[in-house]
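Let's walk through this one together, from the overall layout down to the ligand. Keep the viewer open as you read.

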Amino acid sequence: MWRVRKLLSRVHETYLEVHVGLDDTDTDLEGCTTYLTFKILSKILNKIPKAFSPNYPLLIRLNPVIPFKTRGNAATSFIIKIPEKDLSNMKKLVIDEFYEYLRNIEGSGVEPGLVFLYGNIPNELSKLYRKALTDYVHKDYVTKIINKLNESIEIPLSYSRGLVGALAAIGASNTLTECTYEILVYRTRNNYSRERCVDEESIKAMDKAFQNQTFLNYDYENNKPLIIPSGRNPVLLGIRGEDPATLLKALKTLNLCEDFEGWLIYKTNQALNAHHVERSIEEFRPYQTGCIKGRVFENPSIRSGGDVLIKLESLENKHSLWVAFFSETGLGKLARYLMKGDVIRVCGGGKWWEDLGLVIHGDLLEVVELVNETLRNPSCPLCGHRMKSAGKGKGFKCPACGYRSLTLSKEKVKINRGVAIGTYRPVDSAVKHLIMPQSRVGRRSDCSKLLVSEWVYVREDGSIHS
Ligand code: ATP
């Protein structure tokens with residue numbers, strides 16, 4: 001009955017749709033934009049009785065090779081529908097909560113961005129999302145967008161770098177074609193400096209029960225939970241998966257041995273390889289992400305520690321760049337077996353190295369063609385030893401018996417390769433937010449999952465308002 005009355009009252013009032021975007025709120029020591037979003041969103045829903053959110057908030061990961069990020073380059077946004085008369089109240093509430101949060105965190109390095117957007121999402125913001133995901137966004141680019149959209153957006157705090165992510169996270173909401181979901185559980189502040197307490201056996205049991213609908217729960221190779229972050233931040237744990245209702249069920253099976261403040265389910269662009277756009281070797285620039293196809297120019301060089309460096313040339317032989325596969329991703333182990341002439345497709349992010357110039361840090365290796373034969377000097381027809389070149393145009397000579405030949409030629413031999421044609425991904429322990437883990441390959445992801453009843457939960461008063 002209460003729900004019906006609430007719906008009817010919505011019908012008779014003029015509702016505004018407001019998009020709120022947030023970013024860059026964590027310092028070098030603590031903080032988390034998703035936590036601030038949880039605080040703001042739950043407060044709006046509790047304090048403004050007729051406010052409602054028609055969809056999950058977005059947790060958007062942006063370009064992973066951007067130097068300003070402190071951790072996972074996350075930004076967030078959410079949509080809120082409110083009666084027109086409550087708008088100023090809502091804005092005040094958001095801004096107060098934002099300042100309250102900034103007052104309470106220690107450390108430095110925040111450049112907070114907060115944006116309100118009214119009405120539909122303009123194309124400029126969808127474009128900005130795609131650029132912020134795969135490229136470097138200059139502040140002039142953002143300033144131009146802000147000036148162009150000045151009728152529909154509001155920037156209540158100062159202009160700062162955080163606006164890139166805040167605007168991009170709003171732009172993502174009508175750009176995503178594939179989505180995953182994550183339920184994040186937040187700690188109570190007095191626990192922040194303590195080790196996180198979630199029973200490990202219950203994590204393994206949850207993984208076993210929900211592994212077809214969740215991913216990256218537990219690293220069985222290193223015996224380490226993957227749902228628990230490290231460091232002084234408010235996140236107790238995060239379960240990632242394909243379906244919000246399943247995430248909630250999975251969470252409820254865990255044995256949490258510390259108090260928590262609440263949880264929030266996000267829709268995300270995580271684990272989709274969304275940053276893998278096709279590029280040519282020629283156009284790839286530092287701080288861009290993407291995939292390139294090329295031919296291995298010379299046999300890989302293996303650095304101490306097992307990192308592998310490969311020079312890759314375009315198939316037309318015109319341009320080249322370097323690719324690095326780091327040992328901790330597990331890709332180095334395979335890449336070391338590549339050979340001059342192999343054709344590969346590599347995805348990752350471009351960084352500038354003093355000694356090599358542009359180097360793509362590979363997070364996916366696709367082996368497309370392998371060289372299967374090589375040429376070697378003939379064996380001596382008299383004694384069977386391997387012959388040597390006798391000099392340019394002078395044929396071969398045998399180092400054992402001295403036999404010389406101008407007519408013998410190099411022979412083709414089959415090579416046994418330590419790597420096969422196929423697609424290789426990082427090991428689970430090295431999978432960063434945007435990267436699709438092996439366990440997700442082939443899953444379908446759907447952005448239109450409906451809100452489940454406990455998508456946001458605040459433990460303090462136990463009330464859920466959605
Ligand atoms: P989190 O810890 O929440 O995962 P983070 O701390 O790693 O995120 P932020 O604190 O959000 O990262 O800092 C990243 C900064 O870089 C933000 O100010 C964001 O607006 C900006 N930014 C993100 N992507 C780009 C990009 N492609 N080009 C330019 N600036 C960007």
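A quick word on terms before we start: the domain bounds used here come from an automatic or database domain assignment. Also bear in mind that what you're looking at is a predicted model.

With that settled, here's how the protein chain is divided up. Domain 1 covers 2-175, domain 2 is put together from 289-368 and 427-433, and domain 3 takes in 373-414. If you take the C-alpha centres of domain 1 and domain 2, they lie 36 Å apart. The two do touch, through seven residues from domain 1 and five residues from domain 2.

So what does that interface look like? About 480 Å² is buried between domain 1 and domain 2, and carbon and sulfur atoms give 65% of that area. On the domain 1 side, look for Arg61, Val65 and Thr134: these residues lose the most area to domain 2, and together they account for 79% of what that side buries. As for specific pairings across the interface of domain 1 and domain 2, there are zero salt bridges, but two residue pairs are in polar contact. Sorted by class, the domain 1 side of this contact has three nonpolar residues, three polar ones and one charged one.

Now turn to the ligand. It has 22 residues around it, and Asp23, Asp24, Asp26, Thr70 and Arg71 come nearest. Zoom in on Asp23 and you'll find one of its polar side-chain atoms 2.6 Å from an oxygen atom of the ligand.

How much of the ligand does the protein bury? Taken alone, the ligand exposes 640 Å², and the protein buries 98% of that.

Note on methods
Residues are numbered from 1 along each chain as its sequence is written. This is a predicted model: local features need pLDDT of at least 70, side-chain atom pairs count only at pLDDT 80 or more; totals for chains, interfaces and linings use all residues. Side-chain values use heavy atoms; hydrogens and water are left out. Contact means heavy atoms within 4.5 Å. Buried area is the accessible area (1.4 Å probe) that two parts lose on being put together, summed over both. A salt bridge is a side-chain nitrogen of Lys or Arg within 4 Å of a carboxyl oxygen of Asp or Glu. A polar contact is a pair of N or O atoms within 3.5 Å; within protein, one must be able to donate a hydrogen and the other to accept it, and residues adjacent in sequence count only if both atoms are side-chain atoms. Ala, Val, Leu, Ile, Met, Phe, Trp, Tyr, Cys and Pro count as nonpolar, Asp, Glu, Lys and Arg as charged, and the others, Gly among them, as polar. A residue is near a molecule or strand if one of its heavy atoms lies within 4 Å of it. Accessible areas come from the Shrake-Rupley method with a 1.4 Å probe; for residues, only the protein chains shown count as cover.
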